[in-house]
Every structure is written in structure tokens, then in C-alpha cells.
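Here is a short briefing on one structure. Read the points below alongside the sequence and the 3D view.

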Amino acid sequence: MRYRRCGRSGVLLPEISLGLWHNFGLEDDALQGRAVVARALELGICHFDLADNYGPPPGSAEECFGRLLQQEFSTHRDEMFIATKAGHLMWDGPYGDWGSRKHLIAGLNQSLRRLRLDYVDVFYHHRPDPDTPLEETIEALVQIVRSGKALYIGLSKYPPALFNRACSMLAEARVPCLLHQFRYNLLDRSCESGMLPAARDQGAGAIAFSPLAQGMLTGKYLNAGALPADSRAARSNSVFLNADKVAADAERVAALDAIAREAGIPLTQLALRWVLQHSGITSLIIGARTVAQLEDCAAAADQPPLSDELMKALSE
Ligand SMILES: NC(=O)c1ccc[n+]([C@@H]2O[C@H](COP(=O)([O-])OP(=O)(O)OC[C@H]3O[C@@H](n4cnc5c(N)ncnc54)[C@H](OP(=O)(O)O)[C@@H]3O)[C@@H](O)[C@H]2O)c1
């Protein structure tokens, strides 16, 4: 595994990180989840991305990972970089989501209990809050670092102007933003016009989630009309990926697959390398349901860079 420096910080992150949004909740196969985490560590994938609401049910990804950590991997804690987040709906009532001091601090305290940890390495505000003054959110994040419950602060899905303001406030408090997290893949390049350059300009790292478009860029859905039975799109708890979404992107994925075939590179590897090759990207957060998927994705980090011609063809 190769490691990249996270913006202007002292932190190095693996090019491939593992996200636990899916596949690690109470409804998933715990033995398989354990095997994926163990193999990730062997491969040098030491960055694990969680959030309070990951599961299902919400909270259960942190609970399962926390149990694993305590029972099997506690001696590896200092080799791991563990992230969690708050900001999406987590509990009932007026304090269960968004960006108030109340929500962020209560949310992190709950996460630490589920994770069985004293601190996380990075704590993110999971999404911007249109109603809470940015000052309150940022002061809460600074307070969290000062309290020792997180070593670094990250932001997720902040539009560029708001991200710049947040970074200025954090820098003023001498708690610089470590990372900006946003979606980036061959089917969604919206970050290129704002979020990616803003992270670069602010000296923050940039970490791309869903680099395989939730599996669409592995080619598993190329057989139109037949969703593989064990795939995310076929599962009833998949909110953002379903048969309609797969059908809507089918033509674009087929065109990308044709380019991959001509280049003699599997689509999965091509999709991951394409994101990794953009200036300012620190790491990709992949999801992996099985050890084989994890190994397949990790292999992308060993591939040589894509040629300029191929980058251009993929970007058209
Ligand atoms: N900040 C945010 O708001 C936000 C939002 C979304 C995600 N994230 C983070 O990003 C992480 C990754 O997101 P994601 O799960 O959408 O990532 P992804 O890597 O685009 O998709 C992962 C899914 O693709 C399939 N897959 C992966 N590798 C494969 C392979 N080699 N061959 C065949 N299929 C493969 C698996 O689904 P199957 O079940 O179909 O096999 C896997 O669960 C999340 O866990 C989370 O940590 C953050």
C-alpha cells in the first residue's frame, strides 16, 4: 500500500481506505466483516471510515466494529486511523441531527461508547447545516479536539464557499481542517468544479467516497435487467442504489467498460486509478462486502498510472 500526505498535515493515509457504511451492520455477516477488517490491516489499509448512522440499524456499524476492535484488534489501535461523523439523523427530537453543539458533542459521545474508544482520529461534520450558525458548529468541533475526543477535524459535503469559511475559522482556532470528504467517481465529477480545488487551496486533504459508484463501476450490473442477487442494488435496505438508478446509468457504464476492455484493464481498477490520479486526492474510501472485493480494490494501488490518452478518453 502506498500512503499519501493529507494536505499540509503530519498525517499519511493509505491510497485505499475502507468505509463501513454498508456490510458491517447487525444485519450483515459478522464473520465476513471480521475477515474484511483483518485482511485490510494485512494489506496496509489502516484507515477505517465510519459514521454514527451506519448500519443498518443506525449505530450498529460502530457497535460491530467496536466489538471487533476490543476483542481482536486492540493491540493494533495505534496502527489504525479511525474516523466517525455526526450530522445525519440519528435520534428523535430536535437534537438528533444537523450541526448544533448539542448534536455534535452528544453524537460523538454516543459514537465513542459504541466504538469502545476514548478518542477517534478524525471526527467529521457529516453534512452542512443550513440553519445553525457556522460559528457554533466550528466552535463545537474545536471544543471536541481540545477535549481530546478527536485528534483531527474533517468536513463532509460542504459547498466550496462554506468550506472556505469553515477552514478559515478552524485555522484561526489552530485546529486546521484535516480532510474534506465528498463523492467522486467516473459518473459523478461535480467536485471538480469546487470541492476538490477548494480542499487543495486550503491545504486540506481530499478523500473521495463511493469511487465505484456503489458498485456500478465494477461492471456487475452490465447485464441489463438482471441485478445480481447478492448485489447492493438488489438489497431492500439500499436507499441510494436500486434498479432505476442502475438503469439510468447503464449506457454510460457500458461506454466506460468498452474503454476498459480496449485498454485491457478491469473496469474496477480503471475507475479507482482514475480518481487516485487527480491532483489533491489523498485517498479513496471504498466499500467491500467480501475479502475478494477488498483485495481486488487494493490491487488498484499497485497499478502503474493511467496514460494521458486513457485519462482523457475516460474524462470525455
Ligand atoms: N460522507 C458521506 O456522506 C458518505 C456517503 C457515502 C459513503 N461514504 C463513505 O464511503 C464509503 C464507501 O462508499 P461505497 O460503499 O458507496 O463505495 P464503493 O466502493 O463505490 O461501493 C462499494 C460496493 O461496491 C461493490 N464492490 C466493491 N468492490 C467490488 C469489487 N472489487 N467487485 C465487485 N463489487 C465490488 C460492493 O457492493 P455489493 O454489495 O454489490 O457487492 C461494495 O459494497 C462508505 O462506506 C462510507 O464510509 C461517505
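Pro57 sits in the loop between E4 and H2. The model is predicted. Pro56 lies in that loop too, between strand E4 (47-49) and helix H2 (60-73). Two cis peptide bonds involve these prolines.

**Cis peptide bonds**
- The bond from Gly55 to Pro56 is cis, and its omega is near -5°.
- The bond that joins Pro56 and Pro57 is cis as well, with omega about -10°.
- Most peptide bonds are trans.

- Most residues other than glycine have a negative phi.
- Lys157 has a phi near 60°, a positive value, and is not a glycine.
- Lys157 is placed in the loop between E7 and H5.
- Is Lys157 buried or partly exposed? Lys157 counts as partly exposed, because it has 19 C-beta neighbours inside 10 Å, and a buried residue needs 20 or more.
- Gln214 also has a positive phi, about 65°, and is not a glycine.
- Gln214 is found in the loop between E9 and helix H7 (243-263).
- Gln214 is buried, because 24 other C-beta atoms lie within 10 Å.

**The barrel**
- How many strands close into the barrel, and in what order? There are 8, in the order E3-E4-E5-E6-E7-E8-E9-E10.
- The pairing in the barrel is parallel.
- From one strand to the next, the twist averages 30°.
- Strands of a sheet pair through backbone hydrogen bonds, in either a parallel or an antiparallel manner.

**The E8 and E9 pair**
- Strand E8 (residues 177-183) and strand E9 (residues 205-209) run parallel, joined by 5 bridges.
- Within this pair, His180 stands opposite Ala206 in E9.

**Helices on the sheet**
- Which strands does helix H3 touch? Helix H3 (residues 101-115) packs on the sheet and touches strand E5 (81-86), strand E6 (120-125) and strand E7 (150-156).
- The direction of H3 makes about 135° with that of E5.
- Helix H5 (residues 160-172) also packs on the sheet, where it touches E7 and E8.
- The direction of H5 makes about 160° with that of E8.

Key
Residues numbered from 1 in each chain as written. Predicted model: local features only at pLDDT ≥ 70, side-chain atom pairs only at ≥ 80, totals over all residues. Pairing = 2+ DSSP bridges. Helix = DSSP H or I, 4+ residues; strand = E, 2+ residues; numbered from the N terminus. Axes fitted to C-alpha atoms, helices over the stretch in contact; angles between N-to-C directions. Contact = placed C-beta atoms within 7 Å. Buried ≥ 20, exposed ≤ 12 C-beta atoms within 10 Å, placed from the backbone.
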